[in-house]
Amino acid sequence: MDGNGRWAVRQGQPRTYGHHRGVDRVREVVKTAPGLGIGVLTLFAFSTENWRRPDYEVSVLMRLFKRYIVREVDELDRAGVRVSFIGEREALPADLQRVMGQMEQRTAANDRLLVQVALNYGARREIVRAVQKLSAEVGDGRLTPGQIDEARLSAALDTGGVPDPDLVIRTSGEVRVSNFLLWQAAYAEFAFVEECWPDFTAERFADVVAGFSRRDRRFGAVASG
């Protein structure tokens, strides 16, 4: 969900204004996803590198995350949306961690749509944590090095048990993955769109998904026909 700050500056507003507007798009995209046949939606909200931003902007973001959770949990629960958080939550403010856990618990039984929110997330550090977890199991004698394969490593990631993404969309015209789901996206299709996140409407979302559905996904094989 890229480009909130730049979008705001172009409107003559402070960067934080863009983050507030970006919340409206989150609400819209989450509401639209099930109708497009999407079962899992992962939103990259805050990366491990985003701590480098100005302190005031980070503070606003943390308050905005908490406010969104508190305000939206009832509606998401009624809509059958399950919410989970991936990333290193221990570094987040304690009050934010608390409402994150409450939202996960409240929506745990829902199955219409899984929304994974990547908060204080970085894919390289995720992979390191997975390797550390498997190494500990080897050290405890519960696992041998030879038993470590792609499936076990996948299961040890923050997204363990969740299917790999079919499509990764990045807004704002930037053409890079920025440390997002590096392992999981090995065979994902990518869509880089020019609109900044506050301009990424439900209609544009549907257009991108429709374009993805027309792609020929070969996974290394030769095209049929």
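Is N179 buried or exposed? At 15% relative accessibility, N179 counts as buried, because the cut-off for buried is under 20% relative accessible area. Keep in mind as you read that this is a predicted model.

**How the helices pack**

Two packed helices are described by the angle between their axes and the distance between the axes.

*Helix 3 with helix 4*

- Helix 3 covers residues 55-78 and helix 4 covers residues 94-107; their axes are 10 Å apart, at an angle of about 15 degrees.
- Angles under 35 degrees count as roughly parallel, so helix 3 and helix 4 are roughly parallel to each other.
- The crossing of helix 3 past helix 4 is left-handed.
- On the helix 3 side, the contact is made by M62, F65, K66, I69, V70, V73, D74, L76 and D77.
- On the helix 4 side, the residues are D95, L96, R98, V99, M100, M103, R106 and T107.
- Sorted by class, this contact of helix 3 with helix 4 holds 10 nonpolar, 1 polar and 6 charged residues.

*Helix 2 with helix 3*

- Helix 2 and helix 3 cross at roughly 25 degrees, and their axes come within 10 Å.
- Helix 2 and helix 3 are therefore roughly parallel to each other.
- Helix 2 passes helix 3 in a right-handed crossing.
- Helix 2 brings R15, T16, H19, H20, V23, V26, R27 and V30 to this contact, while helix 3 brings Y56, E57, V60, L61, L64, R67, Y68, E72 and L76.
- The classes in the contact of helix 2 with helix 3 are 9 nonpolar, 3 polar and 5 charged residues.

*Helix 2 with helix 7*

- The axes of helix 2 and helix 7 lie 9 Å apart, and the packing angle is about 45 degrees.
- That makes helix 2 and helix 7 oblique to each other.
- Here too the crossing is described as right-handed, with helix 2 passing helix 7.
- The contact is made by E28, V29 and T32 from helix 2, together with A202, E203 and F205 from helix 7.
- These residues of helix 2 and helix 7 divide into 3 nonpolar, 1 polar and 2 charged.

**The nonpolar cores**

- The largest nonpolar core has 37 residues, and those with the most contacts inside it are V30, L41, F85, L96, L113, L119 and F205.
- At least two residues of this core come from each of helix 2 (15-32), strand 1 (40-47), helix 3, strand 2 (81-86), helix 4, strand 3 (113-121) and helix 7 (202-213).
- Helix 3 gives the largest share of this core, 9 residues.
- Apart from this core lies another one, of 10 residues, among them F44, I86, A185 and A188.

**Buried residues in loops**

- T159 sits in the loop between helix 6 (150-156) and strand 4 (167-170).
- With a relative accessible area of 6%, T159 is buried.
- S172 is found in the loop between strand 4 and strand 5 (189-192).
- S172 is buried too, at a relative accessible area of 8%.
- The place of N179, the residue from the opening question, is also in the loop between strand 4 and strand 5.

**Backbone angles to check**

- Most residues other than glycine have a negative phi.
- S172 has a positive phi, near 85 degrees, in a residue other than glycine.
- N179 is not a glycine either, and its phi is positive at about 65 degrees.

- Y56 lies in helix 3.
- At 56% relative accessibility, Y56 counts as exposed.
- Y56 touches T16 and R63, not counting residues up to four places away in sequence.
- Between Y56 and T16 there are 9.0 Å in space, C-alpha to C-alpha, and the two are 40 residues apart in sequence.

Terms used:
Residues numbered from 1 in each chain as written. Predicted model: local features only at pLDDT ≥ 70, side-chain atom pairs only at ≥ 80, totals over all residues. Heavy atoms only, no water. Axes fitted to C-alpha atoms, helices over the stretch in contact; angles between N-to-C directions. Helix = DSSP H or I, 4+ residues; strand = E, 2+ residues; numbered from the N terminus. Parallel < 35°, antiparallel > 145°, perpendicular 65-115°, else oblique. Left-handed = near helix turned anticlockwise from the far one by under 90°. Contact = heavy atoms within 4.5 Å. Nonpolar A, V, L, I, M, F, W, Y, C, P; charged D, E, K, R; others polar. Core = buried A, V, L, I, M, F, W, Y, C linked by side-chain atoms within 4.5 Å. Buried < 20%, exposed > 50% of the residue type's maximum accessible area, 1.4 Å probe, protein only.
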